[in-house]
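The tour moves from one selection to the next.

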Amino acid sequence: MKYLNLVVLATTTLVFTACTNSSLSKEEILKQTKQKEQLGKVLFFDKNLSKNRTQSCATCHNPDVGFADDRDNGIKSMASLGDDGKSLGDRQAPSAAYAMFSPKFHYDKKNDKYIGGQFWDGREGTLAQQAGGPPTNPIEMGMPSKGAVVERLKENSYYIETFKTIYGEDIFSSNEKAYSAMTDSIEKFEQTKEFAPFDSKYDRYLRGEYDLTPLEDLGRSLFFSNANNSCANCHLSKKEDSEGETFTNFEYHNIGTPINYELRAVNGVKEIDKGLLANPKVTDEKHLGKYKVPTLRNVAVTGPYMHNGVFKDLRTVVEFYDKYNNKDRTINPETNKPWDKPEVKETISLEELKAKKQNDRKVEALVAFMKLLTDKRYEHLLEEE
């Protein structure tokens, strides 16, 4: 199947490239990759790699809810709580699902755009680099250094034996080497089909295994129609109705998201979130307030929404987009008050946001279509909702 081949391609392209410069056979390379995936899975769920032994990768990327953070954290899941039980960030933890398809962070000179990378601002280029960030982040897992993380690894005889088997007997001779091996294994786990099954109702529809309802079919038509809606401008990487679609172009845009005052009243943040400009590789002020376009895979079960969790309901998000083209869409349905002003106004992607206005029926249809993008294992969450 094409969708499975995409996952295989994402996980093995680099492996086979490396094979040409290695004494290992293709079969041995594949065996080693499988070992790394298994090790990475154990590491992904290991709370002992945080300072107080309370938090793992899976804490903020829960595989039971779309690899997002579903904890309340005292702020209605708007941002993640750190291992110390009190530190709150100012952004949501992005879903780790389908993240393997994001290209390395780079600047597209031809189109004058930054593309790819991990985190909301692309500050890490690969999944391995992303995996290396949280353990030593003081408001996340809180470990004081890479060396301290490696010492935790060496407490576990399974890690000592497995790291040496995969990466060589001298892997623990250097903290840097051992830490890189850890992030490499986590990356290999995050590149497995578990993170990207491509088995939603939409995928089944493409394979002739599911019939759309009239509302879902309308939503699909609206989503892909450049004449009626701008969704596909940013949430499409292939052609319409292509298998293996990630529903993001991995670009960065400012859509005028307002400040989440409720969150900031708790976390105490006062300064503007610079978005892409917070990435040390980006210096041009025109990228202030831009964030990576997220995948719409599992979007219906991974709220709240936007980089700061400011909107609770998926329908609110659609209405928020529509307000740019619909003069009657002036009220935030969650507050019953006018929409708050954007945190950063100067760099809003007004051209990409242009679209025909939507009536309530069409808004419902778009929400119905996005619910179709829920992986099969999470469909029960839609029913519970």
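Select Phe-247. With 0% relative accessibility, Phe-247 counts as buried (buried is under 20% relative accessible area, exposed over 50%, partly exposed in between, with a 1.4 Å probe and protein chains only). This is a predicted model, in which local features need pLDDT of at least 70 and side-chain atom pairs count only at pLDDT 80 or more, while totals for chains, interfaces and linings use all residues. Residues are numbered from 1 along each chain as its sequence is written, and side-chain values use heavy atoms, with hydrogens and water left out.

Phe-223 and Phe-247 form an edge-to-face aromatic pair, 5.7 Å centre to centre with 70 degrees between the planes. Rings of Phe, Tyr and Trp (its six-membered ring) pair if their centres lie within 6.5 Å; planes under 30 degrees apart are stacked, over 60 edge-to-face, and the rest tilted. The pair links distant parts of the chain, 24 residues apart: Phe-223 sits in helix α9, Phe-247 in the loop between α10 and β3 (252–253). Helices (H or I, at least four residues) and strands (E, at least two) are DSSP runs, numbered from the N terminus.

Which residues form one aromatic cluster? They are Tyr-202, Tyr-205, Phe-223, Phe-224, Phe-247 and Phe-369.

Next, show helix α9, residues 214–224. Its buried residues are Glu-216, Gly-219, Arg-220, Leu-222, Phe-223 and Phe-224. They pack against α8 (201–206), α10 (231–234) and α14 (360–371).

Step to Leu-372, in the loop between α14 and α15 (379–384). Leu-372 has a relative accessible area of 1%, so it is buried. Beyond its neighbours within four places in sequence, Leu-372 is in contact with Ser-200, Lys-201, Tyr-202, Tyr-210, Leu-212 and Glu-216 (contact means heavy atoms within 4.5 Å).

Axes are lines fitted to C-alpha atoms, for helices over the stretch in contact, and angles run from 0 to 180 degrees between N-to-C directions. Angles under 35 degrees count as roughly parallel, over 145 as roughly antiparallel, 65 to 115 as roughly perpendicular and the rest as oblique.

Pick out the side chains. Leu-314, Arg-315, Val-318 and Glu-319 of α12 meet Asp-360, Val-363, Glu-364, Leu-366, Val-367 and Met-370 of α14. The residues of this contact divide into 6 nonpolar, no polar and 4 charged. Here Ala, Val, Leu, Ile, Met, Phe, Trp, Tyr, Cys and Pro count as nonpolar, Asp, Glu, Lys and Arg as charged, and the others, Gly among them, as polar.

The axes of α2 and α7 come within 7 Å and cross at roughly 100 degrees. The two helices are therefore roughly perpendicular to each other. On the α2 side, the contact includes Lys-36, Leu-39, Leu-43 and Phe-44; on the α7 side, Met-182, Ile-186 and Phe-189 are among the residues. By class, the contact of α2 with α7 has 6 nonpolar, 2 polar and 6 charged residues.

The structure holds 28 aromatic pairs. Phe-189 is buried at 2% relative accessibility, and Phe-195 is buried with a relative accessible area of 1%.

Finish with the backbone. Most residues other than glycine have a negative phi, and most peptide bonds are trans.

- Select Gly-303 and Pro-304: a cis peptide bond joins them, with omega about 0 degrees. Pro-304 lies in the loop between β4 (291–292) and α12.
- Select Ser-77: phi is positive, about 65 degrees, although Ser-77 is not a glycine. Ser-77 is in the loop between α3 (57–60) and β1 (106–108), and counts as buried at 13% relative accessibility.
- Select Asn-336: phi is near 60 degrees, again positive in a residue other than glycine. Asn-336 is in the loop between β5 (331–332) and β6 (337–338), and counts as exposed at 63% relative accessibility.
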